[in-house]
Amino acid sequence: MQPDSVLPTDVEASRRRFLQLAGATGAAGIAGCFGGDDDGNPTREKITGDEPMTDRTFTAPTSVLPDDMQWNAANDSNYPDRPGFVVFDQLVYFRATTGEFVEGALADWEVGDDTATLTLQDGLTWHNGDDATAEDLVRKLHISLYDNHPIGNFTSVENVTAAGDKTVEVGLEADVSEPIFLNSIQNMELDMPGEQYDDILAEMESDSESTALADYAPEEPIGTGPFKFDQTGEQELVTTKFEDYHWADNVNFAEYRFRFIDGNETAWQAIRGGTVDALHNIFTTPDIMASFPNHVVEMQQPANWGLSIAFDHEHKHFGQREVRKAIAHAIDREIVAENSAGGGDAKSPVETPTGIVGNFDDSANDWLDSPDAFEDYSGQNTDRAAELLESAGFTKESGTWVDEDGDTLTFEFKVPAGWNEWVDAAITLNQHLQDFGIETNLITRDGGVYFGQDLYGDTGFDAAGFWWSDGWTYPYHTLNWNLNSWDAQNVYNYPESVDVPPKGQPDAETETVELAPEIEELVGMDPQGDAARQKIQELAWVFNYDLPQLPIQEKVDQGFISTKNFKVVEDSDPDASVKYATTYLPRVGKLVAKAEE
Amino acid sequence: MQRYYLERTLQAVVTVASVMSLAFFLLRLMPGNPADAYRAELIQNNPQMTQAEIDYRVERKLNVLPDAPLHEQYLNYVTGLLSGDLGESINEGVPVSEIIAEALPWTIFTMSIALLISFAIGISLGAVMAYKEGSYFDSGASVVSILFNSIPNYIIGILLIWFLGYQFELFPTGGRYSTEMEPTVGLLEPIQTLAFLGDALWHAALLILSYAIVASGGWALRMRGNSIQVLGEDYLRVARLRGLSERRIATRYVGRNAVLPLYTALLIAIGFALGGSVILEQVFTYPGVGYYMIEGLEARDYPLMMGVFLVMTIAVVLGVYIADLTYGLIDPRAQTRGGEH
Amino acid sequence: MSERTESLHAIDDGEAFEAVSDTTMSREERYRRLFDRLILAPGRIVWDDLRARIGASIILLYVLVGLFGPRLYKAPRVNQGPRSVTPLSEGLAYPLGTDNLGRDILAQLIHATPSMLQMITAGGLFVTIMGVTVGTTAGYAGGRTDRVLSLITDIVMTIPGLPLIVILAALLAPQNPIVTGLILTVNVWAGLAREIRSQVLSISRHSYVEASKAMGLSTPTIIVKDILPNIMPYVLITFVNAARQVIFASIGLYFLGVLPYDSVVNWGVMIDQAVSGGAMHVVSMAHWLIAPLATITLLSFGLILFSQGTDRMFNPRVRARHSTTTGSDDEPTDDDAAATTGGVVR
């Protein structure tokens with residue numbers, strides 16, 4: 001899961017030319033969306049930087065009933081995470097398009113060999129007036145460590161100390177690179193003020209089994225974010241601008257409200273009707289986008305993530321490589337992606353299955369010296385698929401494929417019922433397979449059962465919808481995820497070594513490749529160097545030849561913002577790629593209110 | 001007679017007890033446990049969350065779950081019930097009784113109004129249809145009644161939301177009352193109370209309407225059938241011969257006798273209406289008990305589901321109980337079932 | 001000799017008292033009479049009543065579509081046509097348009113009919129058989145059996161129906177339409193059983209039943225001859241109720257996401273997909289929602305209409321008027337004395 005050896009800095013440095021393409025997809029996406037506006041971008045007002053303070057209210061959805069909300073993030077019942085993003089500051093923020101970490105509650109950080117030094121912002125103030133000091137950060141880290149947070153992998157309570165009014169030193173017990181360290185604290189917010197959490201910390205210090213943290217459910221938060229809690233009503237949570245926020249000058253509207261919205265339907269209706277000004281992240285087809293008013297703009301962000309078909313490698317038939325490759329040939333990924341996106345561009349089919357992300361801007365193939373040497377399994381190549389099956393001993397009897405022992409090639413394909421895009425994709429690819437003669441049976445499963453029992457539990461599956469990336473762009477991560485991770489070995493039972501022919505020579509003699517050591521080697525290499533590049537290509541070849549999973553498509557996240565009363569930057573701006581544009585951009589003045597008339 | 005009351009009461013208690021026990025074990029037989037449901041929710045709402053973070057949070061949730069053997073949990077639950085403790089909701093982290101106490105009045109509010117309206121409209125319409133049997137009015141009204149009775153009420157709900165809620169913006173499309181409104185129900189503050197009630201009604205209007213449109217048709221048809229039957233009875237001939245006005249005959253004889261059999265049906269319909277709120281409240285995002293039932297189902301929140309189930313069962317049992325006992329009072333012709341020979 | 005003197009003679013001789021009426025019917029006559037009673041007479045009544053006629057036609061239409069439709073019309077396939085085509089915009093290629101995956105909507109409706117009919121029939125039969133069996137046994141047997149059965153019936157009747165169904169569906173995740181039909185009607189039989197029991201109780205006190213008992217007719221015969229015809233109205237109403245519940249509950253459960261589905265869509269799944277696919281937002285996609293909605297409405301409409309119209313079939317006096325071989329000269333009372341048990345619940 002988490003790579004635990006050193007990775008040099010700037011691993012996620014931009015080799016992605018998304019910026020270039022974002023201009024194209026962003027604009028094309030927007031232009032296409034707005035019904036009658038066929039002649040290019042609608043006029044989107046630029047942010048000048050000196051918009052005056054206004055009394056406006058920005059409203060966005062929340063999925064927690066306002067009256068039920070409680071503000072302890074460590075207590076998962078009714079914690080409103082989207083509102084949490086504006087009430088609390090994260091320690092750092094991550095720009096997905098460029099791969100950089102930028103300031104949040106932390107103004108600066110340094111990750112050395114033995115220590116990581118974290119420096120808080122000057123002028124960081126709690127909503128109750130107290131200054132935020134290193135003590136607060138230490139408290140947060142201590143509580144998290146007591147609560148078994150993953151940073152416990154490389155530090156412990158004794159090693160986290162305040163070293164000044166605004167500085168905290170974290171003693172490192174293992175080799176950790178800066179990106180890894182930052183990634184592990186990425187979701188941490190500065191949300192544990194003394195007033196509310198000192199007692200809890202004391203209890204956790206004295207009794208390690210204490211459940212004080214999980215039980216604590218404060219009805220009002222004390223945060224350091226740009227907006228502070230005002231009140232909750234039946235349908236809305238009201239937060240008002242915090243004047244002492246350290247970047248208060250960037251925020252020019254008085255209220256940020258969160259309206260309770262349950263379900264996609266309600267969300268779309270709400271933005272059409274103007275009940276909300278934005279939607280954080282919601283998959284929407286072009287048909288529905290066409291029904292939005294013209295002033296609603298789409299903010300697309302790369303997710304580096306997508307649907308794949310996971311095969312149970314211990315299944316009698318899926319354990320055979322020919323079967324997997326035949327399936328790959330029989331499915332037309334382009335059509336599947338198109339259907340999944342409802343005809344829109346929110347999904348991009350995987351061009352060449354190599355386990356490398358980057359199918360929206362074709363940057364995936366940049367890692368390959370000779371992309372054509374790889375098999376692209378394109379289109380619906382039933383002839384080739386038939387060839388492969390026959391070579392594995394299958395015969396086609398009255399329209400269905402049967403193996404040497406007389407067993408029909410048949411399996412159940414599972415998807416979670418609530419994930420409409422996946423269901424649409426699954427229906428499509430099942431059709432392709434049935435046309436080819438493989439008896440598939442699509443089964444939609446309840447979400448909890450699907451994740452808890454089919455994937456990560458004992459029930460298992462024959463073939464199921466899964467994901468072929470964990471969100472990072474550097475190929476090490478996805479290749480590890482697919483070939484060597486705990487998930488690969490336990491969810492779909494991937495073996496520890498495979499026999500494949502050497503790279504570029506599909507007809508040569510096969511050699512055994514031990515996956516773990518190969519991945520291990522890659523970790524230590526300089527990502528910019530040639531050795532890493534070669535290693536990546538070798539592993540990509542293994543992926544391409546053996547198909548541990550079949551990656552189908554990559555998605556973008558879609559957010560929507562109404563520009564009737566507000567102005568927002570283009571989604572090509574790197575700051576717009578921080579989770580979520582709707583909650584981050586106000587902080588940095590890139591989502592501002594228009595002047596009132 | 002005493003014996004009969006005792007028997008019926010005992011039966012009611014036994015009914016509730018068996019239903020609850022059945023529900024207890026049924027719920028836990030469902031595939032997937034709260035941790036699974038939680039994992040699913042995390043992955044769906046936070047696709048970028050790392051596997052480590054997800055596992056960490058699921059672990060944390062698991063620690064809160066009871067893991068005693070099933071029969072032990074059952075006994076604990078029953079003893080808790082007897083002392084009025086419905087347990088704590090896994091998902092919401094607050095006592096179930098709190099959630100239900102807050103949500104139940106709203107469901108009762110909407111469903112009782114809906115029932116009364118549909119009953120009143122249905123009865124009146126049915127009576128008129130019966131009197132004008134065979135006329136165009138009768139045929140037309142019959143067709144309309146059947147038509148509306150043929151559409152699921154939540155579908156009508158969706159259509160109403162679409163037209164009256166979003167297109168014409170006449171009604172709010174969710175929630176029980178406006179955010180700015182303070183819930184006040186007090187005789188000392190008549191104006192605020194009225195304002196609040198008005199607001200609540202405005203929010204509940206579409207929900208009530210969906211139910212009423214569909215149900216009125218059903219009541220109308222039944223009333224029509226009963227009335228037609230009564231209209232053919234001999235005692236009406238006698239009444240006419242006696243010189244009673246048509247009006248009097250219509251209300252005192254026909255009306256009463258036709259409505260009587262529906263009395264039981266109405267009381268039983270209360271229970272069904274509560275059960276039916278499960279889907280309607282989802283459509284209208286109206287946090288009543290039906291809404292929480294589904295929330296509980298998705299999260300496999302057993303205590304919450306049990307609590308809601310209990311409330312609904314008690315409502316139905318009460319309805320049937322009252323119907324049985326009071327029917328004898330209302331209809332002098334009826335023999336109580338206890339009079340067995 | 002005139003008849004009169006003949007009969008007088010018979011009395012004189014005492015023959016009259018020893019004569020046994022000549023009631024042996026030929027086999028053929030008996031069957032003909034049965035046929036007339038069970039099928040022709042009811043059939044005529046049904047045909048006579050406009051409501052029943054229309055209702056029956058509608059139901060018949062669906063049954064025909066269910067039996068022959070899939071063979072006559074193409075199967076729905078992903079991408080068989082362009083996405084979200086509006087009805088008739090491409091001529092007769094897609095008469096009702098296509099959905100978001102390019103599948104022909106009319107094809108989906110037709111090919112889903114057999115499984116829907118299976119679901120409805122399974123549910124209806126289950127309810128009828130359970131209800132009749134339990135009801136008649138309880139009413140007829142009395143005593144301990146009655147008490148136990150009545151208790152069970154009452155318990156089943158008071159379990160909140162929809163929540164129970166929701167839980168069962170989540171529990172069993174049925175895919176087979178027959179199993180689904182059973183689950184969706186699991187609590188409906190109780191109401192029927194209760195009604196039948198009380199009917200049986202009141203009927204069995206009638207003298208003709210006692211007479212049958214005295215004559216030594218076996219219990220099943222008594223049940224079939226005397227009791228069943230009187231409870232038929234309830235049975236029919238309940239069957240229609242059960243069918244309606246199957247349709248509505250199945251859609252509701254797909255809505256809630258509790259029932260699983262596979263690529264073979266049925267009407268409820270279509271509605272759910274249409275709503276969550278935004279068919280209400282965009283007028284051009286409205287047909288996706290309206291088509292299955294109209295389909296279920298029409299079927300429910302037909303069922304209810306049919307049950308409304310067949311009330312009169314079970315009034316023996318009305319039947320008598322329509323049959324040719326019963327030979328009864330009873331004057332039928334007013335037509336209005338139809339044995340109505342009212343309309344449909346809820």
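Predicted model: local features only at pLDDT ≥ 70, side-chain atom pairs only at ≥ 80, totals over all residues.
Residues are numbered from 1 along each chain as its sequence is written, chains are lettered from A and ligands numbered from 1 in the order in which they are written, and side-chain values use heavy atoms, with hydrogens and water left out.

The contact between these two chains (heavy atoms within 4.5 Å) takes 58 residues from chain B and 48 residues from chain C. A count of 1 salt bridge is found between them, where a salt bridge is a side-chain nitrogen of Lys or Arg within 4 Å of a carboxyl oxygen of Asp or Glu; in it, the side chain of Arg147(C) meets that of Glu7(B) at 3.7 Å, N to O. Across the interface of chain B and chain C there are also 5 residue pairs in polar contact, both residues at pLDDT 80 or more; a polar contact is a pair of N or O atoms within 3.5 Å, of which, within protein, one must be able to donate a hydrogen and the other to accept it, and residues adjacent in sequence count only if both atoms are side-chain atoms. Several helices of chain B, among them H1 (2-29), H8 (190-231) and H10 (246-283), each supply at least two residues of the side that touches chain C, helices (H or I, at least four residues) and strands (E, at least two) being DSSP runs numbered from the N terminus. The largest share of this side, 11 residues, comes from H1(B).

Towards chain A, 45 residues of chain B are in contact with 48 residues of chain A, and the two chains bury about 3,700 Å² between them, 48% of it on carbon and sulfur atoms. The count here is 2 salt bridges, one of which joins the side chains of Arg300(B) and Asp446(A) at 3.2 Å, N to O. Helices H2 (34-45), H3 (51-62), H7 (153-167) and H11 (289-299) of chain B each contribute at least two residues to the side that touches chain A.

Within chain A, an open sheet of 5 strands has the order S18-S17-S19-S13-S22, with mixed pairing; two strands pair if DSSP finds at least two bridges between them. Strands S18 (439-445) and S22 (549-551) of chain A stand at the edges, each with a single partner strand, so one side of each is left without a neighbour in the sheet. Strands S13 (residues 307-311) and S19 (residues 463-467) of chain A run antiparallel and are joined by 5 bridges, with Ala463(A) in S19(A) as the bridge partner of Phe311(A).

A further open sheet of chain A comprises 4 strands in the order S4-S5-S7-S6, with antiparallel pairing, and its edge strands are S4 (106-111) and S6 (160-162), each of which pairs on one side only. S4(A) and S5 (residues 115-120) of chain A pair over 5 bridges, and Val111(A) stands opposite Ala116(A) in S5(A). Helix H3 (residues 134-146) of chain A holds both Asp136(A) and Arg139(A), 3 residues apart, about one turn of the helix, and these two residues form a salt bridge whose closest N and O atoms are 2.9 Å apart.

Terms used:
Buried area = accessible area lost by both parts, 1.4 Å probe.
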